[in-house]
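Me: Could you walk me through one chain of this model in some detail? I'd like to know how it is divided up and what one stretch of it looks like up close.

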Amino acid sequence: MRAIRCCELDMAALPLQENAALLDTQASEAAKLFNERKYAEAEALVQKLLDVMPNQRNALRVLFEIRKAQNKHEAAAALGRRLAALPGAANVRAQANTQYAQYLVAQGRHEEALPIAAAALKAMPKDATVQHLMGVVLTETGAVPEGEVHYRKALKLLPAEDGLVLANLAWNLKLQGRLDEAAELYEKALTLRPENRRGVGGKAQVEFGRGRQAAAVAVLDEALGKWGDDRTLRLLRAMADLAMRQPAAVLERLGATDGLMGPEILVRAQAFDQLGQLPEAANAWANARRMQRERSGLVYRPEALQARAAAYKAYFTADRVQVLPRARPGAFTPVFLLGFPRAGTGLLEQLLAQLPGFAGADEFAPLSDLAGQIARLTGGGGYPEALDELLLGGNLDLPERLRAQYEERRARQGLARPGVNFITDRGALNFWHIGLFKLLYPEAPVIHVLRHPYDLMLSNVMQDRKLEGNAQAGMLALAHYYALHADMVRHLRGQLTLRYMPVRYEDLVTDPELVLREVLGFIGGAGAVPQGIGANSGQVPHPLPAHFALRGPVRAAGAFRHRAYLAAMPHLFDEVRDTLAPWIEELGYMEEAAR
Amino acid sequence: MSDAQQANAAPPGKQVVPLSEALEKLSRLEQENKLAEADDLAKRMLAAMPEHPHILHLSGIVSYRNGRVEEAIERMEKAQALSPDAPLYPRNMCEIYRGAGRLDDAVRAGYRAVELAPNDARAHFNLALILYERLELDEAVRVAEKAIELDPEYPEAHFEKAEALLLAGRMKEGWESYEWRFKLKQAEGMLPKTDKPQWDGQPLPPGRLLIIGDQGFGDCIQFGRLIPWAALLCPQPVVACSAELMPLLRQIPGVGKFVSRWEDTGEYDAYIPLSGLPRLAGIGTDNVPPAGYLAPPDALVKEWAAKLDLLCPKGKKRIALVWAGRPTHKNDKKRTLQLKQFAPLFAREDICIVTVQKGDPIAQTGSYYGRAPLVNLGPEISDFIDTMAVLRNVHRLVTIDTSVAHVAGAMGAPASLVLPKAPDWRWLLGREDTPWYPSIKLYRQEQAYDWSGVIERVVAELQEAQSGAYPGMEA
């Protein structure tokens, strides 16, 4: 298409939208050609139509579908955006929004899909498809309890029960730790729609989480018997092998690297790691990350994170925060767990959850959402500057109101209940929200789980887990993200009075009982730490945080893993050494090395 | 090389500036604190004329101002070697060596400077500063007097003499020279513009004496104890002080009213700075009025007790800590430490550190990962009254020579005060106690600018040192 009809389109010079119908017949012809898979002819026709009228909705729609079929993602997204922005009747626009949002969801771009899906939902609140879409988008963006609401609305609107929606709701409940309910729903969903492979995978994961490893493996093995070529199911089966510490089985199941995708190769890397074949592990993760960079364009994007860090550092200073109002103590004490991904906050939560009076909230951290609300509630511009509005009379009680919302979320999760005095909060983004936490819970404990930065690099680079700014893209990206994370925590600790306690992962895995006693003493919790406590030795709590599914015995071997890697590959950390050296020194790990 | 020669030597199209102008510009940039520009010009001038002594000397000063002390010394030593009889060079080097903590070199340069320029008062003053640092106090007084002889209206030299006399315990003589402090450049605006006389210690009618909280917070707290003495002679004096000090000084009896602006003082017959009261009252080392004249309100002590009970783990001794002073203080470099230099304290698992530090240095707590828990309390402390209430809830304060030490001393809170080898005059010499504050124990550097061993001694004596009793404390 000519630039003047595409990226250089003059929106003010477009033909009137009501005249677009004049070309509908030709557009229908193009759609017919597309449906007959005559893509070249269909594209030639829509190009002509769009040259005459760049805002011809039906022609744009055909081109959108062609680009999707061609896997030209950026072009398809641009067309989806244009379709969604065209004027027209509310229902037509809502459909365009829905299609665009569905496309983004299929691409895994859930954050981008959120406002589009929300616009569609507002226009068509009685449409089950849109409610279902909203459920997917919310669940995948971390607003899991909110996602549940929309799945349930979709189910009510549907004339009959739908296996796909039920399975998605089951997955949502699994994420909330409501495993028994999830298992029940999966039964129903898979009866209605037994061919739903993703549903089968979800069911296996739920069974694994319920401690029914044999059942989970049976589900996966049966599914693989039916769909032997399903790589997602095979990957899940390999991950089950890993969790059961059967690395040789992983390698056998996945085969050689040729033809494998990034996530599969990363699982192989972990298998090599378990086997102690460290150069092979390093080779595998390097391959996987290279493949992700080259094929999916996976690259660390720190710009937005750096801008956010600069804004937070400028705002959260001692003098500025001191004058802001604070909330009074609430119904329970949240225990804020800080730590870089894979530092061990999950392990600490698992251990604490075994003590009387404690509940684990996993990564459902309401603070990100509450921070977003502050700007809206105060009308005071963006966060964190909007916190200045708390100084005005009408907003003085806002910390109290936000704390009440925090508590309400915990109650909805089934965590705030009689007998629970402490609820751990281990949101991955908690490090951004220490300032807000201070206003809502001024004297609540903040436990910072530290781990040797090289070990964190190793643990993260082998995991197929998305991090902010795509920091998982490689070891150097991880190191830069680590520095940003650590610098943010350092700044906030230096400017705020916190009830702060650092805990070292290395101590936690070496002597969990001692560390837990210290943590308990610091928090002021009642009761004693059971002798011989380990991550998998206690009662399974309810609701069950997702990471409990993979809990194993506390393993002292997890401490200082990088030493073995360095012994085998002295240059492994060369590219991150300069970035991490100041932090290694600051955390006191140099002294450890000296010993 | 003459200017004309330079012009001839310049390649075509290059602009040539006469050397004298370039030197003048370099000097001006340094004095105007345009240090990056000065650095750039110095580099270019050195590249053109690497052996020119004055370029080397000025470039050395620019390096020093940019924090590159070694480079500064190297350049300036080279300048001096090239031009050994230029009196300016050793005079300035004396200060640079002092800044680098090289007192032997500094004193050598100082003597060389006065030898080359026996009539230069500034050279004598610089030498007196070094002699004070070396605790050669009689010699410091003699050299300062020489500077005064050459320039009788040289306030800095008078003040240096005062400090050396007071530190040596020669209080009466010291107070007289101490009066020159208001002629120092940094004292501008400390006193009201008035034609009224300075108070001479004679009785005045009620409300007719204006007492001025001059100098730093610490001085005002220290000398505030003499307000009741002044009020005996001049009842209900008016006290002018900063808003931060007012809540503290209000606790001292006898004052008529407090003001924080000159226009609110009302009519008065005479004025006296707080720091002028010891001279009038004839204070020596043996007749200091007792401490204990400040105290936090009970309700506030309880409020902080509750807060600290939450913030500090139970069963640990709470040690309050201040490690840095106001950076604009003339001796801050000498007295201020980095938080990490208190490492021996951090290794103690039986204590909880409660930092009552304020200002930019609080950021250092973000890097703390010691064994002892640390509560960065500064951000929650609003004023000195808060500080006092916190100090009532800790075992002991460990501090550098800053206002919080005076607060602790004035309220009788136990404190360990770490001091440089050549301390401020008020801490005197050769003693572990101070007549001003019986609850403070002094820990002095053994070597100038070297804190090693000092913090270790503080920590070793924490166990046996006098301590405060507070509600959250466990035996």
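Reply: Chain B is split into domain 1 (18–184), domain 2 (209–281) and domain 3 (298–460), with bounds from an automatic or database domain assignment. Keep in mind that this is a predicted model, where local features need pLDDT of at least 70 and side-chain atom pairs count only at pLDDT 80 or more, while totals for chains, interfaces and linings use all residues. Residues are numbered from 1 along each chain as its sequence is written, and chains are lettered from A and ligands numbered from 1 in the order in which they are written.

Take domains 2 and 3 of chain B: their centres, taken over C-alpha atoms, are 27 Å apart. Eight residues of domain 2 are in contact with 10 residues of domain 3 (contact: C-beta atoms, placed from the backbone, within 7 Å). On the domain 2 side, α12 (217–223) and α14 (246–249) of chain B each give two or more residues, and α12(B) gives the most, with four. Helices here are DSSP runs (H or I, at least four residues), numbered from the N terminus.

Now for α10 of chain B, residues 155–167: its 13 residues reach 18 Å from first C-alpha to last, close to the 18 Å expected (1.5 Å times one less than the number of residues). Because 12 of those 13 residues are buried, α10(B) is largely enclosed by the rest of the structure (buried: 20 or more other C-beta atoms within 10 Å of the residue's own, with C-beta atoms placed from the backbone). The buried ones include His158(B), Phe159(B) and Leu165(B), and the cover includes α8 (121–133), α9 (137–150) and α11 (171–178) of chain B. Just past α10(B), Gly169(B) has a positive phi of about 85°.

Key: Contact = placed C-beta atoms within 7 Å.
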